[in-house]
Structure formats: structure tokens, C-alpha cells
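This briefing covers helix packing and salt bridges in one protein model. The points are grouped by topic.

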Amino acid sequence: MKTQIHTQLGAPPHDGSYDNEALSCSTIDITAPNSGEPHGGLRGSNEFILSDSGKKVTGDDQTGQLNMWLQRKARSAFSEKMIKKRLPILRWLPQYNSTDAIGDLVAGITVGLTVIPQALAYAGIAGLPAAYGLYGSFLGCIVYIVFGSCKDVPMGPTAIASLLTFQTAGGNVGKAILLCFLSGVVELLMGLLGLGFLVDFVSGPVSSGFTSAVSLIIVTSQVKDVLGISAKGTTFIEIWRNIFNDIHNVQVWDTFLGLTCIAVLLIMRIIAGLKVGPADDELKSKNHRIINKLMWLIGTSRNAILVVVCGAIGYSFQSSAVAPFKLIGDIPPGLPSLKAPPFSLTANETMSGTEESFMEMVSSLGSGLIVVPLIALMENIAICKAFSNGKPVDATQELIAIGLANIANSFVQGFPGTGSLSRSAVNNASGVRTPLGNIYTMALVVLSLLFFTPYFSYIPKASLAAVIIAAVVFMVEVKVVKPMWRTKKSDLIPGLGTFIACLALPLEMGILFGVGLNVVFILYHAARPKISVERLTSPGGAEYLIITPDRCLIFPSVDYVRNLVTKQSIRQSLPVVIDCSHVYGADFTAATVIDSITQDFARRDQPLFFYNLKPSVCAIFEGLSPADFVVYYREEHLDDLLKQRAYKPKEVISA
């Protein structure tokens, strides 16, 4: 028979407090000695909200609470603090000085020398003409200056975003531009709705596995240009199969140039990190500093230097009937026209030769409309965290910034982009002070489009492939395996699973598999909480068994906990105390199991008590009115409870 639970409340005391109702969940009341007050005088705070007008809004007044929430949101949306939060430029521009200007100028030009060859190369990864990489590298920079919250982020095409664009749009220019627009819209909506937390569902091992797999796929996609053959494909296995099928058409000069360029880039990368002179910077002479700065500048600008030299080599063969290696071809001179992204395709713009409406285009983009924005956010947040120096990162603001930047890029025929980790490292090392460094990067891209595009057509494809391989190969995160093995070996499973899945399957399926595998691990740990079992003696000399779960009681774990409690209680034949100090949450399934456990103990006439149960959890268990449900909050009350039960230990039953 279930015991009716009562809560007796008189007039509230003058201090505004009240008897904690959670303490009344227990069917046995404990009165502290010499106090005369129930539950030892433990009290809770008054349960009402004081509105701005001074009126009390109780928990039952849902309309009043809704009105207050709307008023708070309306006030905060137009407050000075919120405006500066959503327009970060208003925070740093008033304090902008000449030192900031010099730092931004040097960093912006240095990054510009890096972004131009990378943009040309990344367009090839996306399956688009080289010019479209430059189109997506200037207007978004201006937008990020206004809305971006991280000074180190240079907005533009990235290797991962380019590969996702190719897998989603299939090399169709119109679909790639529409993908840029729709990705920006999705990112902007996610930012306005505060959905930046979604990136938290991608754990570190899954992110490392994804990044490493993408790096290998990108390297694989460029092997064909180094070898001078044609080998298309979207997955790692498919690309390598096509490479081996066409291996007999390898071009000697392309291969020689590509391998030489890779070696030169790796050597120049090493040069950038070399230092001459004493180890202590204060002891270095002026000449030492000049030489070190020059070596760093040469190493940092290695991509631009290599592309210029290879372009000059390609230009020297213009009078020849046939160049010894493949060139990227003509690039339209001038800036792209400002126009809306295509919302339909003509028959000439599709591979099938039939017209496609807007809905058909969106349908063909499929899951890329979600995957591309999420991966762009992951890349951008990774950069912000890497250079934040411990400051909090506003994922919502970054979503708004890259969303607006991608929308702007789509109006100048750009494909999806985000912050680049490699260019951000260059930006930071160059001494960037504010996001205004993006304007100098943009200026270099615009100048190259206006005056240098005729010369870009002489750049060999093998040299651009070398630029990508030399940059992306270091994105394979081998270094995380050792610390992951030392800390928690099981984390290698979702990381390795994601890595293999992304190589074998399309990227969106691979990342989904990794996240799903990680969720399975989380659920397994939730279903198997760690439980300590101790045999203790109360202050009054009574022996009892205390069982302490280390986490909340929810549906995956309650049966496991019940079986352990039942097994130990029968084996020990002692009063049982379940220490709920770490149980911060529960659900209906847990409540039904607790009800069943209390009935089992009552049938065996074996005392069961719950110690330090949280009020919110107690309220959940109370919903089923379990029989003999006893809660206490002070250790000295245990002897009183045992006396009231007049419990006499039975003979111990062996397991």
C-alpha cells in the first residue's frame, strides 16, 4: 500500500523563506533534537520572481513570466552592450591607432601573398575554374571586418570547404555559387537562433579523425595533377582506383615539376623556422634580426614565390607549340559582375542537358546544406580557440559573421569559405592587431584580378597541386594519437572510426558516422555508471550498506543500478542507504524503478533510505508516490530511522 505524501505549510515567516517541500518527499519525518522543527529546520528560498515594476510573479503565472521574458529580450536586443557584441567593429575601431595600422598592413599583405595561390589551387579542389577561388576571397573579407570577433581569421576558401563543395555541387559552377548563398543563410539563421552549441556535439577525436581523413583525400585528389593524368572521384578509394587505371598516361615533366615543387616548399617551410645568432633574442645583433626576419618572410611567402617562378617558367614556353606540362588555362580578367546567385539552371548549364528549377537544385545539394555550414563553423571556432589566449569564443557571432560573408561572396560568384587555419597562423605570426588586416588581403586579391589574371594562365597545374599537398599534409593529426592513448584509449575508437568512414564514404556520411559512434559511447557510459559499495557503521553502532552511484539516474542505467542494489542488499542482509549526492537528474523510468525497489525492500522487511537526494530529483520520484520512500539529509538521522524501523538483521544469505 502506497503512503500518501503530505506537505504542511503555514503562513510564510517574515524572512520570506519556507519549509523545503523536497524534504517532505520522505514518508518519515525527522525532527531534530531540541529544535522541535521538522527536518531539523532546513529551509528553502521563496519561490517567486520580482518583476521590474515591483510585482511578484509566481511560478504558476506563466503569462506574466512570458511577458517578462519578452520585455527582457526586447531591451537586451537594442542595448549598447548587445549592439557592440553583434557589431564587434564598434569595440576596437574607436581605439585604433598607428601601431595597429602598421601591424595590420604587414599581416594583411603577407596573408594576401598566401591567399592568392591557395585560392587558385582550392578552386581546383572544388572542381571549378581557377578564377572562382579569387572571386570568393575578397568581398567576404570586408564583411568579416565589421562582424567578425577574431582578429586572426582571414575569410576565404579553405581546403576542407572546397572538397565539401566538390562533393556537394559536383563541379557545377551555378550549384557551387548557390551552395555558397544557402550555406550563408543557414549559418546566419543558426547564429540568430543561437545554435552555435551544435559544434559541441563533435568531439575532439571525431574532429581529428575527420580532419585527417579530409587531408588525405585532398592530397589524393592532387596526385593526378602532379602526375599529369586524369583521375576523377569523390572518395579516397574511388580516386585511387581511377589513378591506377590511368597510371600508364603519366607525364614525365609534370611529375618532375610537381615533386620538385613539393620538395622546395618543404625546404622553405623549414627555413621559415630557422634562427641565426644566440638563442636569447636580447643577445641577437641587428644583422641577426634582419636575417631571421628575411628567412621568415621568404618561408612564409613560399607559395607566392613558387607560383611566380613556375608561372615565369610556363610563360617562357608560350612561343612553343606545346608546353611540356599542363597549365591552368585562361582566367577572365577583371572583377566578377555583382549579381544574385543562380536560382535555376538552363539546359546548357547542367550535365544532364535539362533545365533545373530552384527546388531541383536544392534537392541535388542534399545534406551538404547542413554539413558545409557545420564544418565551416568547426574550422572557424578551431581558429578562434587557437588564438584566443584563453578568452571565451562567441560561436553565435562567428556564425553570423561567416554567414553574412558567404552570402556576400555568392553575389560575386564565390563558393563557400570560412577561416583558414594555415593563413590564420601566418596572420598571427605577422603581428595582426585587428580584423582590419583583411582589407589589405582583399586589396591584393582585387589588384591581382584587375591586372595579373592574364599571367595566371601560365601557372602549371602541377605547381598548384604541390602548393596544396605541401600545406594539407600537415593537417593529418598524427600527434594527437599518443596523448589520446595515454589519457583515454577508448577515445581512439570514435576517432579511428570517423577516419576510416570518411575515407570510404562521402564526407557527410563519415562525419555522421563519427558523431553517431561517439553518441553510442556516451550512452554506454551513461548506462554503466560507476557505483561504490561500502559497509559502514553508524554513530549509534548499527552496520549498514551505503551504495553511491556517480551520476544521474536515467533510463539506460536504472536497470543496471537496480540489479546491483538488489544483489548487494540480498548478499549483505543489512539496511541499505543509497547516497544520491551525485545524482543530479532522473526521469520517469528511474522513478518507476525506484518505486519497484522500495516495494522489493518492503517485502523483505529490509530498510532502504535515500541520503542527500536533490529536491528536483525527489520531486520526480514523488510523482509515483512510492511506498516506504525515506529521504534524510543529515547523517546523524540514520540511527533515528533505524530505531523507528526496529530493524533486526537476518541471517546472511551467501551469494
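**Helix packing and salt bridges**

The axes of helix α8 (residues 173-192) and helix α16 (residues 395-410) come within 7 Å of each other, crossing at roughly 155°. The model is a predicted one.

**α8 against α16**

- With angles over 145 degrees counted as roughly antiparallel, α8 and α16 are therefore roughly antiparallel to each other.
- Their crossing, that of α8 and α16, is left-handed.
- On the α8 side, the contact is made by Ile177, Cys180, Phe181, Gly184, Val185, Glu187, Leu188, Met190, Gly191 and Leu192. On the α16 side, these meet Thr396, Leu399, Ile400, Ile402, Gly403, Leu404, Asn406, Ile407, Asn409 and Ser410.
- By residue class, the contact of α8 with α16 has 12 nonpolar, 7 polar and 1 charged.

**Ile407 within that contact**

- Ile407 is found in helix α16, and its relative accessible area of 16% makes Ile407 buried.
- Apart from neighbours within four places in sequence, Ile407 is in contact with Cys180, Phe181, Gly184, Val185 and Leu188.
- Ile407 and Cys180 are 227 residues apart in sequence, while their C-alpha atoms are 6.7 Å apart in space.

**α11 against α13**

- Helix α11 (residues 252-273) and helix α13 (residues 302-316) have axes that come within 10 Å and cross at roughly 150°.
- α11 and α13 are therefore roughly antiparallel to each other, and the crossing of α11 and α13 is right-handed.
- Leu257, Cys261, Val264, Leu265, Met268 and Arg269 from α11 meet Arg302, Asn303, Ile305, Leu306 and Cys310 from α13.
- The residues of the contact of α11 with α13 comprise 8 nonpolar, 1 polar and 2 charged.

**Salt bridges**

- With a side-chain nitrogen of Lys or Arg required within 4 Å of a carboxyl oxygen of Asp or Glu, the count comes to 9 salt bridges.
- Arg86 forms a salt bridge with Asp394, and the closest N and O atoms are 3.5 Å apart. Arg86 lies in helix α2 (residues 80-86) and Asp394 in the loop between α15 (368-386) and α16, so this pair ties together parts 308 residues apart in sequence.
- Arg86 is partly exposed at a relative accessible area of 25%, and Asp394 is partly exposed at 21%.
- Arg433 forms a salt bridge with Asp100, with 3.2 Å between the closest N and O atoms. Because Arg433 lies in the loop between α17 (421-429) and α18 (437-456) and Asp100 in helix α4 (residues 98-125), the pair ties together parts that are 333 residues apart in sequence.
- Arg433 counts as partly exposed at 39% relative accessibility, whereas Asp100 counts as buried at 9%.
- Lys151 forms a salt bridge with Asp152, the closest N and O atoms being 3.1 Å apart. Lys151 is partly exposed, with a relative accessible area of 28%, whereas Asp152 counts as buried at 0% relative accessibility.
- A network of salt bridges links Arg562, Asp600 and Arg603.

Key:
Residues are numbered from 1 along each chain as its sequence is written. This is a predicted model: local features need pLDDT of at least 70, side-chain atom pairs count only at pLDDT 80 or more; totals for chains, interfaces and linings use all residues. Side-chain values use heavy atoms; hydrogens and water are left out. Axes are lines fitted to C-alpha atoms, for helices over the stretch in contact, and angles run from 0 to 180 degrees between N-to-C directions. Helices (H or I, at least four residues) and strands (E, at least two) are DSSP runs, numbered from the N terminus. Angles under 35 degrees count as roughly parallel, over 145 as roughly antiparallel, 65 to 115 as roughly perpendicular and the rest as oblique. A crossing is left-handed if the near helix is turned anticlockwise from the far one by less than a right angle, and right-handed if clockwise. Contact means heavy atoms within 4.5 Å. Ala, Val, Leu, Ile, Met, Phe, Trp, Tyr, Cys and Pro count as nonpolar, Asp, Glu, Lys and Arg as charged, and the others, Gly among them, as polar. Buried means under 20% relative accessible area, exposed over 50%, partly exposed in between (1.4 Å probe, protein chains only).
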